Amino acid sequence: MPGMIKRLLTMLPVLLLCIGASADSDHGIRVRHFSNEQNIIELRPVHRYLLLPVEDSAPEGRLFFVQDNTVSGPGINVRLARERIDYYVPLDISEYRGRNLQIDVQAVPEGSVCWKNLSCSDDFSADVSPVPAYHHIPPYGWMNDPNGMFYKDGVYHLYYQHNPYGCTWGNMHWGHSTSRDFVHWENEGTPLEPDAWGYVFSGSCVVDHENTSGFGEDAVVAFYTSSKPTMWTDCQTQSIAVSTDGGYVFDKYEGNPVLGSGLRDFRDPKVFWYAPGKHWVMILAAGQEMQIFSSRDLKDWKYQSSFGLTHGAHGGVWECPDLVELEVEGTGERKWVLISNINPGGPFGGSATQYFVGTFDGKKFVNGYPGTTKWMDWGKDNYATVTWSNAPDGRCIAIGWMSNWQYQNQLPLRGYRGANTIARELSLYERDGDVYLKSRPVKEMLSARTAVSSEKSFRVSGMDYSLDRALPEGGAFEVEMKIRNNGAEKIGIVVGNTAGETVGMYYDVARMRFVMDRTESGRVDFSADFPAVTSAPASVDGTITLRLFFDRTSVEAFGNDGEFVMTNLLFPSEPYSGMGFYSDRGAFSVVSLDIYSME
Ligand code: FRU
């Protein structure tokens, strides 16, 4: 008898393992349904993730982790699949491993398909497509604004507004990526999650070289807006998180939030060091203006001034500000540029980035050239543009979210939504007594390209064209050209594919504009706001230079060394494969045409 007990005891771990295994094979998941669309998922996690089936068009359900009858965490909104499954998202349950976990799910009907399709796994491999070759995208899920960019020890850090639980806006976290060349990006996870003060909205990072904050020498300090849904409307305050490992892991500051106001829209802090005054500056979007604060220790902020109510475009709220000092090329003079993203109210509808050039004394920005509104990008898809902090060699590098709030939630993409523009080097130049921004592709883009063809000097006349210049397969390429006009009224450039889809571009010589038409570029029917013709002021005298960056689902046109830039999303049904030219009235000559692969 004792022998029998002993044998049973030695078998106990095996028996337990079997129970574990059988629980594992049906994932040990039990779902209970109650009245009013209240449900409880119960499990004892063995694996890292609970994979949640999502349907983009379903209403949001709300999930709360519950242990011992107590809710933990702020809750997550997920569009759990009701009728059909579009894709899965991973819910990390590893911290509950080996313990009983309940997940309270509200506002999802009992008959939904999600309940029978819950499973657990140690891995999650995202199914995302189409994927650009050289633009930054999130690993899966939703992305909007670039946030908190800074440079340190050879690495460019980029955080971004991220929903890890769906491909539509919600649950704002900061995702994190790093790069050394702006072309290859590493996914570094999601270092900032929502908390008691709300979602983690847009913001910035600084490297506190002198330890002015007491957080430690060279600490990376992140500033973001805590946006908390309250009983009435969202409450927006500013919070801090600190990283002492160079931006990978952050601890939220215990004194959060550090700055509030009575305003409804009060967000997107951009912080920088103002060397002449030996203090920090924070510029914030506040309704339809920007507010400026100062601080000596990054924690205690004092209001200094406001800018903007009577300047620029006001078709929507002002968001995501930046304030940078740049040299006016060739003059040795330096001026300040205040960047103000605005949504809606852009020149072609929806979101866009405007800027002002003037002076800044550490407390107050003064617009030196009031009058016409200046746009940083003349396409429909460049928003929330801000710059890298602490960039080396005096560089001022900006990046924008390559989309528009008008249709971002409808983009025909699988498993993710959101890409960033290529990084752009900013400088200033003078024209007709005014001062404008130049946006050039960062020089790193040159090492990302491989020459595939080069032509010199050919003449274009007549309206007929064929797409006879072959483009690299796969839809990721750069075309660089120099053109001289010889009496043409239209200098036409067309990029297209064998499905008859085209991106039509031309210089309108009389109006001195560069025009791009994406109405026939592929899928345009997912939103009435997507088909569009965009145009930019462009000089057409002498040698015209143009660099076109195509990357499967986008084009960025840089004219005359960055005097204009135009960014537009595109959804061709197959990659663009050919290019052609035409002219209206007189002729023009293509001095050089260089095509590069960007794979
Ligand atoms: C701009 C914006 C910001 C805000 C963030 C929220 O696109 O509206 O003002 O912080 O997105 O995701």
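Begin by selecting Trp405 together with the ligand: a polar atom in the Trp405 side chain lies 2.9 Å from a ligand oxygen atom. That is a polar contact (a pair of N or O atoms within 3.5 Å; within protein, one must be able to donate a hydrogen and the other to accept it, and residues adjacent in sequence count only if both atoms are side-chain atoms). How much of the ligand does the protein bury? On its own the ligand exposes 320 Å², and the protein buries 95% of that. Areas here come from the Shrake-Rupley method with a 1.4 Å probe, and for residues only the protein chains shown count as cover.

Before you click on, two notes on the model. It is a predicted one, where local features need pLDDT of at least 70 and side-chain atom pairs count only at pLDDT 80 or more, while totals for chains, interfaces and linings use all residues. Residues are numbered from 1 along each chain as its sequence is written, and side-chain values use heavy atoms, with hydrogens and water left out.

Strands E9 (141-152), E13 (199-208) and E17 (266-274) are the elements that give two or more residues to the shell around the ligand; strands (E, at least two residues) are DSSP runs numbered from the N terminus.

To show the surroundings, select Asn144, Asp145, Gln161, Trp169, Met172, Phe201, Ser202, Arg267, Asp268, Glu319, Tyr383 and Trp405. Each has a heavy atom within 4 Å of the ligand.

From Arg267, step to Asp265: their side chains make a polar contact at 2.7 Å. Asp265 sits in the loop between strand E16 (251-252) and E17, and at 18% relative accessibility it counts as buried (under 20%; exposed is over 50%, and partly exposed is in between, with a 1.4 Å probe and protein chains only).

**The nonpolar core**

Next, select Met481, Tyr507, Phe514, Phe550 and Phe581, the residues with the most contacts inside the largest nonpolar core, which has 56 residues. Such a core is a set of buried Ala, Val, Leu, Ile, Met, Phe, Trp, Tyr and Cys residues joined through side-chain atoms within 4.5 Å. Strand E33 (residues 476-496) gives the most to this core, with 8 residues.

Is Met566 buried or exposed? Met566 lies in strand E39 (residues 564-569), and with 0% relative accessibility it counts as buried.

**Backbone stops**

Most residues other than glycine have a negative phi, and most peptide bonds are trans.

- Ser129 and Pro130 are joined by a cis peptide bond, omega about -10°; Pro130 is in the loop between strand E8 (119-121) and E9.
- The bond from Asn343 to Pro344 is cis, with omega near -10°, and Pro344 lies in the loop between strands E22 (334-343) and E23 (352-360).
- Glu37 has a positive phi, near 60°, and is partly exposed at 34% relative accessible area.
- Ala107 has a positive phi, near 65°, in the loop between strand E7 (101-106) and E8.

Technical notes
Helices (H or I, at least four residues) and strands (E, at least two) are DSSP runs, numbered from the N terminus.
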